[in-house]
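Colleague: Hi! Could you walk me through this structure?

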Amino acid sequence: MATIERAEVLVTSPGRNFVTLRITTSDGVTGLGDATLNGRELSVAAYLREHVAPILVGLDPQRIEDTWQYLYRGAYWRRGPVTMAAIAAVDVALWDIKGKVAGMPVYQLLGGQSRRGALAYGHASGSDLPSLFQSIRNHLDEGFKAIRVQTGVPGLGQVYGVATDQKPGARYDYEPAGRGVAPAEEAWDTRSYLRHIPTIFAAVREEFGYDLPLLHDGHHRMTPNQAAILGKSLEPYDLFWLEDCTPGENQEGLRRVRSQTTTPLAIGEVFNTVFDYQTLITEQLIDYVRSAVTHTGGITALKKLMDFAAVYQIKSGFHGPTDVSPVGQAAALHLDVSLPNFGIQEYMKHSDDTLRVFRTGYTFEDGLLHPGDAPGLGVEYDDELGATFEYSPAYLPVNRLQLDGSMHDW
Ligand code: GCO
Ligand code: MG
């Protein structure tokens with residue numbers, strides 16, 4: 001029987017920071033797992049190096065479920081983004097190994113394909129309408145068939161999620177990364193935002209029609225009542241979803257939003273276990289689960305969460321920004337094509353440097369992503385090149401109220 005011989009933590013920064021776990025078996029089979037926690041990367045690297053890698057050595061790499069339970073229950077301290085990203089990395093690396101040993105892509109081990117590919121949405125943004133329209137056109141030219149729309153708000157400066165440059169492929173400055181010893185600060189005003197956003201969606205529908213699925217991310221900035229107001233005012237524009245309208249950790253707060261608006265809701269990119277979703281799912285307070293494989297304990301945990309959601313007709317809409325590494329994105333795609341209750345997949349192409357360090361086999365054609373047919377996940381890591389991109393701290397911005405400088409959710 002092969003055993004786990006080595007578990008190495010690889011940190012690289014080709015444009016932005018990534019943490020990867022590589023597990024090697026005594027037969028020489030390797031598996032990769034993503035452990036990237038944007039802005040807190042080294043905490044997961046240390047958790048893995050100090051507390052997980054040593055205890056993996058000697059275990060049976062085929063026992064994915066048992067290893068998951070061992071790391072989750074055995075830690076005593078449960079849940080939390082650092083722990084769950086570390087468990088996810090081990091889990092995904094073991095699925096990669098199992099696929100390679102079986103000679104099959106991971107999606108085959110998950111039950112095979114349920115669809116030709118995963119409908120992807122891209123990120124269009126602009127500080128004003130002409131630049132937003134240009135960005136939407138660029139995304140349509142790149143083949144996207146669903147588009148997230150973010151815009152600047154009059155009276156506010158830079159707003160998270162809005163690119164300042166509209167060249168094809170351009171994106172928000174913090175994607176790839178906001179390097180520095182401390183986060184940048186942005187100013188916020190929710191009332192201006194609530195007034196402005198419906199006018200933007202009216203203009204986008206007028207220009208691009210009603211066929212194109214449109215999404216919007218509220219980045220946790222509203223109270224339940226404010227979210228209800230926004231959801232209602234966006235109803236005429238037929239959104240695919242309104243994302244993270246409130247900080248979802250108060251799950252009961254979503255009852256207020258849900259009872260007031262039929263705009264579909266997506267939540268969960270900052271969640272890390274099924275328990276964060278319990279009320280949201282059983283009371284059908286959301287339509288889409290936003291988790292990433294990387295931040296929710298891996299393929300094993302996210303598949304169970306999605307099976308639970310399926311009972312309530314809730315679909316997937318996995319988080320796929322560039323701070324989820326190509327390994328994490330590949331893991332999501334294997335789930336996407338196999339899940340019966342797939343909804344949509346977020347997709348931002350990684351930088352060219354990133355895609356040289358992580359050689360991927362996934363494809364994007366005619367608006368659909370496919371994980372490819374290589375055994376395992378289909379991603380290879382270039383150690384030599386990875387080592388040339390040294391880690392440096394990079395942070396998401398923080399958000400303060402324009403009125404008085406209070407710290408605010410975003
Ligand atoms: C999204 C997001 C991202 C996150 C980022 C955090 O929907 O893609 O909200 O932009 O803010 O991934 O690390
Ligand atoms: Mg989001």
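Modeller: Happy to; we can go through the two ligand sites in turn. This is a predicted model, where local features need pLDDT of at least 70, side-chain atom pairs count only at pLDDT 80 or more, and totals for chains, interfaces and linings use all residues. Residues are numbered from 1 along each chain as its sequence is written, and side-chain values use heavy atoms, without hydrogens and water.

Colleague: Which polar side-chain atom lies 2.7 Å from an oxygen atom of ligand 1?

Modeller: One from E269. A polar side-chain atom of D217 lies 3.0 Å from a ligand 1 oxygen; polar contacts here are pairs of N or O atoms within 3.5 Å.

Colleague: On to the metal: what coordinates the magnesium ion (ligand 2)?

Modeller: D217 (OD), E243 (OE) and E269 (OE) do, at 2.0 to 2.2 Å. Donors are N, O and S atoms within 2.8 Å of the metal (3.2 Å for Na, K and Ca), and sites may look incomplete because water is not among the atoms.

Colleague: And what spacing do those donors follow along the chain?

Modeller: The spacing is D-x25-E-x25-E. D217 is in strand 7 (residues 214-217) and E269 is in the loop between strand 9 (265-267) and helix 9 (278-282), so this pair ties together parts 52 residues apart in sequence. Helices (H or I, at least four residues) and strands (E, at least two) are DSSP runs, numbered from the N terminus.

Technical notes
Chains are lettered from A and ligands numbered from 1 in the order in which they are written. A polar contact is a pair of N or O atoms within 3.5 Å; within protein, one must be able to donate a hydrogen and the other to accept it, and residues adjacent in sequence count only if both atoms are side-chain atoms.
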